[in-house]
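Here is a brisk report on one protein chain.

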Amino acid sequence: TRSLTITSSDQSMFEKAQGEKVTLPCTFELSEEDEGPLDIEWVLIPADNQKRELIIIMYSVDRVYDQYYAATTRRMQFTNLDPKSGDGSLDILNLKAADTGTYQCKVKKAPGVQSQKIQLTVLVKPARTKCSIEGSQEIGKDVTLKCVSQEGSPLLSYDWRRVSGTQHLPATSVLNKNTGELLLKNASREYSGRYSCVASNRVGTDECSVELNVTPPVNTAAIIVGAIIGTLLGLSVLVSIIFCFCKKHREKKYEKEVHHDIREDVPPPKSRSSTARSYIGSNRSSLGSMSPSNMEAYTKTPYSQVPSEDFERAPAQNPAFAPSKVAAPNLSRMGAVPVMIPAQSKDGSIV
């Protein structure tokens, strides 16, 4: 007797790139004996056998159920809108690396039951490939060109080629396709030019390039001498700055000390009135020291130019004082010796 059979058994493994679309086939034929309701179920079998199978989409009683697995919602659908016609194939859109796994298609129509497993591998194309140079780019030195892809499913393969010049790698070069390193031994000026690296896997490629410039060795002695001279010049400039700063600081300190001494030691200048009083007092004291016998030598002519607050004014501005006798105060009551006020002679001398 003939029963339900799955006819799509030609291909059981698929490899696709991330972001692409894949169709997992599941076609079948029903038999006359299969009279029960038709059920088509797609499940994801985890790599760990201890975990349960995950139902991702199902067709039952003329209805589609696709809300079982949130990670695949709106990305997985039946290829045929009417799966009961014999096509229960599955479309997966916008593939992701997490979609890698074993998928199983189960077709049920009592009493017949059939299933088929398909292995899906989602590969990531090489991306963000970077080229770099390691080592001194001097004549006679060993230089290493490196190439690394930030993204990409293994196994990645790297291949270097020379873009400029002869477009052939130097004879002394050693290439490691697994690590992406290109070793150039005993580099010469002829090695200079642009080099390109191509990273690839089964689903795509990515490329980067780098410029190599091999130059003569640097004169290290001249660099050392220049560094020493520069250091000495820098130190001399620094010493000069420190010396000027200290000198300026000492000058400011000296000015402050001198200013402080003037304020504390030197009395303020006297006013004109105090100067005049001190002048008269000094003359009185000198006259008081004279004996009565010496006083007769002085004339009784009054002193007409007694120092006062206005004694520095011009004669035309000062009031004229008529020569007159100045009566001596009664000093006997004051307990002092009588003195005579000095007078001015006609020739201007004080007598």
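## Surface and overall make-up

Accessible areas come from the Shrake-Rupley method with a 1.4 Å probe, and for residues only the protein chains shown count as cover. On that basis the protein chain exposes about 23,500 Å². Carbon and sulfur atoms supply 55% of this area.

This is a predicted model: local features need pLDDT of at least 70, side-chain atom pairs count only at pLDDT 80 or more, and totals for chains, interfaces and linings use all residues. Residues are numbered from 1 along each chain as its sequence is written, and side-chain values use heavy atoms, with hydrogens and water left out.

The protein chain has 351 residues, and 28% of them count as buried. Buried means under 20% relative accessible area, exposed means over 50%, and partly exposed lies in between (1.4 Å probe, protein chains only). The protein chain holds four helices and 18 strands. Both are DSSP runs numbered from the N terminus: helices are H or I with at least four residues, strands are E with at least two. Take contacts with a separation of 6 or more: residues 24 or more positions apart account for 57% of them. Contact means heavy atoms within 4.5 Å.

## Strand pairing

Two strands pair if DSSP finds at least two bridges between them. Strand β2 (residues 13-17) runs parallel to strand β11 (residues 112-123), with five bridges joining them. Here K16 stands opposite V122 in β11. Strand β10 (residues 101-109) pairs with β11 in the antiparallel sense, over nine bridges. C105 faces Q116 of β11 across this pairing. The two strands β10 and β11 form a hairpin, with two residues between them.

Further along, strand β14 (residues 157-162) and strand β17 (residues 193-201) are antiparallel, with six bridges. R162 has Y195 in β17 as its bridge partner. β17 also pairs with strand β18 (residues 204-212), antiparallel over nine bridges.

## Nonpolar cores

A nonpolar core is a set of buried Ala, Val, Leu, Ile, Met, Phe, Trp, Tyr and Cys residues joined through side-chain atoms within 4.5 Å. The largest one has 25 residues. L24, W42, I92 and Y103 have the most contacts inside it. Elements giving two or more residues to this core are β3 (22-24), β5 (38-45), β6, β8, β9 (90-92), β10 and β11. β5 gives the most, with four residues.

A second, separate core has 18 residues, including L156, W160, L182 and A199. In soluble globular proteins, nonpolar side chains tend to be buried together.

## The aromatic pair

How many aromatic pairs does a search of the whole structure find? It finds one. The rings of Y59 and F78 have centres 6.5 Å apart and planes at 80 degrees, so the pair is edge-to-face. The criteria cover rings of Phe, Tyr and Trp (its six-membered ring): centres must lie within 6.5 Å, and planes under 30 degrees apart count as stacked, over 60 as edge-to-face and the rest as tilted. The pair links distant parts of the chain, with Y59 in strand β6 (residues 54-60) and F78 in strand β8 (residues 76-78), 19 residues apart. Both Y59 and F78 are buried.

Y59 counts as buried because its relative accessibility is 4%. Leaving aside neighbours within four places in sequence, Y59 contacts L38, D39, I40, V64, F78, D82, P83 and K84. From Y59 to L38 the C-alpha distance is 8.0 Å, across 21 residues of sequence. The side chains of Y59 and D62 make a polar contact of 2.8 Å. A polar contact is a pair of N or O atoms within 3.5 Å; within protein, one must be able to donate a hydrogen and the other to accept it, and residues adjacent in sequence count only if both atoms are side-chain atoms.

Is S173 buried or exposed? At 19% relative accessibility, S173 counts as buried. S173 is found in strand β15 (residues 173-176). A polar atom of the S173 side chain lies 2.7 Å from the backbone oxygen of P170. Not counting residues up to four places away in sequence, S173 touches L182, L183 and L184.

Q11 sits in the loop between β1 (5-6) and β2. Q11 is partly exposed, with a relative accessible area of 41%. The Q11 side chain reaches the backbone oxygen of M13 at 3.0 Å.
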